[in-house]
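The following explanation leads through the structure shown below, from its strands to its helices and loops.

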Amino acid sequence: MKIIDAHLHFSNREGLKKTSREISQIDYSAKGLGKEFREGNVVAGVVMNTPGRDPYESFDHSMELALEDGTLDCLLSCVGVNPIELQKGSRELFIIEEELTKIWTTGIKIYAGYFHYYVYDPIYDPIYELAKKYKVPVAIHCGDTQSAQGLLKYSHPLTIDELAVNHPDLNFIICHLGVPWVMDTAELILKNPNVYADVSGLIAGNKEQVLRMKDTRLYVELIQQGLVYANRYDKILFGSDWPLVPIAPYVEFIKDIIPVEYHEDVFFNNALNVFPKMKYIIKSLDEQK
Ligand SMILES: [Zn+2]
């Protein structure tokens, strides 16, 4: 089965390098990612760009370079938003729009919780207007924040409800199933036609840790309860959150959680439907063969 990884990271940020050394023990490089894609049968991916403090550091230039020299031409990206820079009225909005015109950009990523604004705060209104203009989905970090400086009231999945109702013509992706608030996320994707969720980042760890969690019944059931309640496997996207975990073991973990009749949708078809440029990537990969 061909797989699309709808949520990974690939940037120069020190935190991600540290995670790959100390937590997931993976080779955090274009070469390492290419190898993991082959091992996991992943044919394409969506990189969630992380915004920096300085708007000129907002974009992941290492990825841009890898894309330009063609080593990772199976990747698309979502442009990360820094609301503090937006509020300052700086060039952030201009930079984000410029990024949206690039061939590899297929969405927008908002880091709720890490930034202390509700997703329906008017500060983000121009971002949603851009999402409509370029017809791209908005992925939103939801649930636990890796940093203790994060504020969970902003990253709780229920905050997406008001946003989804206010913008019925936009698609939203709740990242990480909003873990640990999986049931809240389940209700959101059930109720709102324009809300999707990805299953990335449910674990951070090395191969052994991922396989151990795969056999941790209560944790698996926590995730499954939400999925069974919503029963909307047409709205669930596979993602790994690489470099937080090695990809192939994480694929096995998610395969165990999703009923087999929905694997094609969750691991491939849904990402193809949600990310507008994905079909061109898949088409060009098929033509290369
Ligand atoms: Zn992520």
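This is a predicted model: local features need pLDDT of at least 70, side-chain atom pairs count only at pLDDT 80 or more; totals for chains, interfaces and linings use all residues.

**A guided reading of the model**

Strand β6 (residues 172-174) and strand β7 (residues 195-198) run parallel and are joined by three bridges. Within this pairing, Phe 172 has Val 195 of β7 as its bridge partner, and Ile 174 is partnered by Ala 197 of β7.

Eight strands form an open sheet in the order β1-β2-β3-β4-β5-β6-β7-β8, with parallel pairing. At its edges stand β1 (3-8) and β8 (236-237), each of which pairs on one side only. Strands of a sheet pair through backbone hydrogen bonds, either parallel or antiparallel.

One of the residues involved is Ile 4, whose bridge partner in β2 is Ala 44.

Two packed helices are described by the angle between their axes and the distance between the axes. For helix α5 (residues 92-100) and α6, the axes come within 11 Å and cross at roughly 20 degrees. An angle under 35 degrees counts as roughly parallel, and α5 and α6 are therefore roughly parallel to each other. Their contact is made by Leu 93, Ile 96, Glu 97 and Leu 100 on the α5 side and by Pro 126, Leu 130 and Tyr 134 on the α6 side. The crossing of α5 and α6 is right-handed.

The loops on either side of α6 may be taken next. Val 119 lies in the loop between β4 (105-110) and α6 (125-134). Val 119 counts as buried because 27 other C-beta atoms lie within 10 Å. Leaving aside neighbours within four places in sequence, Val 119 is in contact with Ile 110, Ala 112, Tyr 124, Ile 140, Thr 159, Ile 160 and Leu 163. Lys 135 lies in the loop between α6 and β5 (138-140). Lys 135 counts as exposed because it has 10 C-beta neighbours inside 10 Å.

Some backbone geometry also deserves attention. Most residues other than glycine have a negative phi, and most peptide bonds are trans. Lys 135, although not a glycine, has a positive phi of about 55 degrees. Leu 177 also has a positive phi, near 55 degrees, and lies in the loop between β6 and α9. Leu 177 is buried, because 28 other C-beta atoms lie within 10 Å.

The loop between β6 and α9 (182-191) also holds Pro 180, which is joined to Val 179 by a cis peptide bond with omega about 15 degrees. A cis peptide bond also joins Trp 242 and Pro 243, with omega about 10 degrees. Pro 243 lies in the loop between β8 and α12 (247-257).

The mean pLDDT of the chain is 91, and 92% of its residues reach 70 or more. Over residues 53-59, however, pLDDT stays under 50, and the model has 15 contacts beyond four places in sequence for that segment.

Notes
Residues are numbered from 1 along each chain as its sequence is written. Two strands pair if DSSP finds at least two bridges between them. Helices (H or I, at least four residues) and strands (E, at least two) are DSSP runs, numbered from the N terminus. pLDDT is the predictor's confidence in each residue, from 0 to 100. Two residues are in contact if their C-beta atoms, placed from the backbone, lie within 7 Å. A residue is buried if 20 or more other C-beta atoms lie within 10 Å of its own, exposed if 12 or fewer, and partly exposed in between; C-beta atoms are placed from the backbone. Axes are lines fitted to C-alpha atoms, for helices over the stretch in contact, and angles run from 0 to 180 degrees between N-to-C directions. Angles under 35 degrees count as roughly parallel, over 145 as roughly antiparallel, 65 to 115 as roughly perpendicular and the rest as oblique. A crossing is left-handed if the near helix is turned anticlockwise from the far one by less than a right angle, and right-handed if clockwise.
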